[in-house]
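Subject: Model handover and notes

Hello,

Here is the model we spoke about, with notes on what came out of the analysis. Please read the notes with the structure open.

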Amino acid sequence: MKEYYRRNLPLYRHETIGFALFLAWVFCTLFGCGLATHDTAIDGTFTTYNLERIWMVSGLFEGLGGAAGLIASRFVRDPDRLVRRRAFGATALACAVLGNVLTWFAWTDRFGAAWAFHVPGGALTGVAVALFAMLWSDRLGSYDEAHVEFAIPLSFTVSFVLYSVLLFTKRGSIPFLALLLAMIALSFWLACRRPAEARPCGSEARATLPPHRGMLSFCLLVCLSWVQVAFFRVVSTPAIMGDRVTHFLIPFSCACALSIVMLVLCLRMSRYLNLSLAYRWSLPLFMLSYVPILVDYGNPMLRLAAYSINFLGMFGVQFGCWLGACKYLRRSGSGALAVFGTYALGEGIGIFVGCLVGLFAMESLETKGLVVLSAVIMTIVLFTIMVTGFNPNWVLNRTRERGDADDAGTVAGDGAPDLTALFEQEACALQAAYDLTNRETDVAALLLAGRSRPYIRDELTVSINTVSSHVRSIFSKCGVHSQQELIDLARKGSGETDGKA
């Protein structure tokens with residue numbers, strides 16, 4: 001694994017920085033008062049929930065952008081080629097730049113017509129989020145599991161640091177706007193560059209899962225999760241408005257730190273990392289977030305705690321969807337427009353509905369009514385997860401058992417060699433020669449196929465620690481020190497057997 005990372009470190013660096021810049025741009029634009037003037041952000045003179053209203057408009061148009069991606073995936077002849085065209089990325093960049101500039105005009109109220117700029121600014125920002133999500137998912141979805149599980153968590157970590165540093169050190173809205181525009185422009189450049197010498201081919205691993213299966217339940221899961229996130233963000237917003245440290249930095253930074261710790265534990269201990277991680281992570285936190293406001297809704301510190309827990313659940317939704325969906329792209333053969341168009345549609349509509357209901361509740365309901373409405377929404381989320389729950393099409397497991405190779409032979413239906421059967425035969429030969437256990441033989445077959453340890457974890461439904469333990473045992477029994485040496489040993493033994501025959 002270390003050799004793998006060292007060999008591909010330049011590629012990881014480009015992907016990590018580019019995707020992190022996109023995430024940080026989203027956080028700074030929609031989860032902080034970065035585009036407000038410095039004095040207004042400190043004194044708290046801006047209108048309560050302005051940022052949530054901008055987020056609501058942004059969510060609506062993100063959903064429309066996702067719907068457009070879904071339509072394009074069905075009717076465009078080559079949707080993968082469309083999303084890889086530079087014009088697609090340039091459109092996303094133009095929407096992001098115009099959205100930021102118009103939102104900045106609205107915050108500064110330079111022409112006395114704030115909402116005349118807030119609405120188009122939020123709309124263009126939402127479209128940009130959807131397009132950049134499709135752009136980056138197409139790039140990340142073409143790489144193997146080890147790359148995805150390395151780049152995405154590190155990108156989130158870098159984006160958290162960037163967000164915290166930029167918002168904490170902000171001195172004036174014009175320099176902040178310039179930094180935002182530079183960040184998203186650099187993200188566009190890194191997403192659209194295609195270094196032929198470093199970009200591996202992702203299509204060779206896309207083979208066995210039927211495309212577009214499970215997308216309806218995925219969209220429903222994402223939508224209801226973001227309804228909960230957006231609604232609770234509105235109703236739990238700290239009473240201390242305007243202070244960017246108390247209102248944004250403290251809850252967001254605490255949630256960031258805890259989410260990184262939780263993600264590392266998931267990567268090390270979880271037996272599978274697919275789309276189900278989104279609700280396995282977020283659902284307990286969504287339920288926990290209601291405890292502080294039920295204890296005392298009027299207490300600003302308890303509302304701050306609830307606000308932080310809600311952010312922590314939101315990060316779980318993002319982690320689960322990005323990790324699971326990028327691996328799903330590679331394994332299913334689906335296109336980025338279809339999968340992340342579905343994600344953008346669910347996320348955008350969820351944000352819009354959640355903010356709309358939350359703003360209505362805050363303006364028209366008393367505390368008791370808010371509590372009742374919150375319980376109803378949480379019940380709907382729970383019921384939806386019970387119904388859609390766990391779609392088997394999200395599982396990235398083996399398409400056949402090792403013993404099936406004996407019946408299938410070593411020739412595929414089209415007359416080409418069945419490479420899976422060949423690798424399994426080589427692993428069985430190693431088992432006979434070096435006394436490997438049945439599970440070690442399963443792991444050895446995947447190692448001989450050149451698979452990474454995260455791939456093996458998903459295939460065999462075991463933790464990454466268990467995979468590493470099996471790999472060490474295999475290397476020890478076979479007297480090798482790396483995956484390539486194991487492959488060479490197996491090929492040598494296979495050649496000698498063919499020679500004797």
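Helices here are DSSP runs of H or I with at least four residues, strands are runs of E with at least two, and both are numbered from the N terminus. By that count the protein chain has 21 helices and zero strands.

This is a predicted model, in which local features need a pLDDT of at least 70 and side-chain atom pairs count only at pLDDT 80 or more, while totals for chains, interfaces and linings use all residues. Residues are numbered from 1 along each chain as its sequence is written, and side-chain values use heavy atoms, with hydrogens and water left out.

Confidence

pLDDT is the predictor's confidence in each residue, from 0 to 100. The protein chain averages 80, and 78% of the residues score at least 70. Helix α14 (residues 336-364) has the highest confidence, at 92, and helix α3 (residues 38-43) the lowest, at a mean of 38. Over residues 38-46 the pLDDT is below 50, and this stretch has 18 contacts in the model beyond near neighbours in sequence; a contact means heavy atoms within 4.5 Å. Residues 195-211 also stay under 50, and for them the model has 38 contacts beyond four places in sequence.

Burial and surface

Buried means under 20% relative accessible area, exposed means over 50%, and partly exposed lies in between (1.4 Å probe, protein chains only). Of the 501 residues of the protein chain, 56% count as buried. Among contacts between residues at least 6 apart in sequence, 81% join residues at least 24 apart.

The protein chain exposes about 20,500 Å², of which carbon and sulfur atoms supply 63%. Accessible areas come from the Shrake-Rupley method with a 1.4 Å probe, and for residues only the protein chains shown count as cover.

I17, L186 and W189 make a nonpolar surface patch of about 280 Å². Patches are made of residues with over 30% relative accessible area and no salt bridge; like charges are joined within 9 Å, and nonpolar side chains (Val, Leu, Ile, Met, Phe, Trp, Tyr) within 5 Å. W189 sits in helix α9 (residues 173-192) and is partly exposed, because its relative accessibility is 45%.

Selected sites

Helix α18 (residues 438-448) has nine of its eleven residues buried, so it is largely enclosed by the rest of the structure. The buried residues of α18 are E440, T441, D442, V443, A444, A445, L446, L447 and L448. Just after α18, G450 takes a positive phi of about 85°.

L82 lies in helix α5 (residues 79-84) and is partly exposed at 25% relative accessibility. Leaving aside neighbours within four places in sequence, L82 contacts A72, V76, F88 and L337. L82 and L337 are 255 residues apart along the chain, with their C-alpha atoms separated by 9.0 Å.

With a disulfide taken as a pair of cysteine sulfur atoms within 2.5 Å, the count is zero. Among the cysteines, C326 is buried at 0% relative accessibility, and C355 is buried at 0% as well.

Salt bridges

Side chains of opposite charge can pair when their charged atoms come close. A salt bridge is a side-chain nitrogen of Lys or Arg within 4 Å of a carboxyl oxygen of Asp or Glu, and the model has eleven by this rule.

One of them joins the side chains of E15 and R139, at 2.6 Å from N to O. This pair links distant parts of the chain, 124 residues apart, with E15 in helix α2 (residues 9-30) and R139 in helix α7 (residues 114-140). Both E15 and R139 are buried.

R84 and D138 form another, their closest N and O atoms being 2.9 Å apart. R84 is in helix α5 and D138 in helix α7, 54 residues apart. R84 is partly exposed at 37% relative accessible area, whereas D138 is buried at 3%.

In the bridge between R491 and E426, the closest N and O atoms are 2.4 Å apart. R491 in helix α21 (residues 483-500) is 65 residues from E426 in helix α17 (residues 419-434). R491 is partly exposed at 33% relative accessible area, and E426 is buried at 13%. Salt bridges that share partners also join E149, K327, R457 and D458 into one network.

Regards
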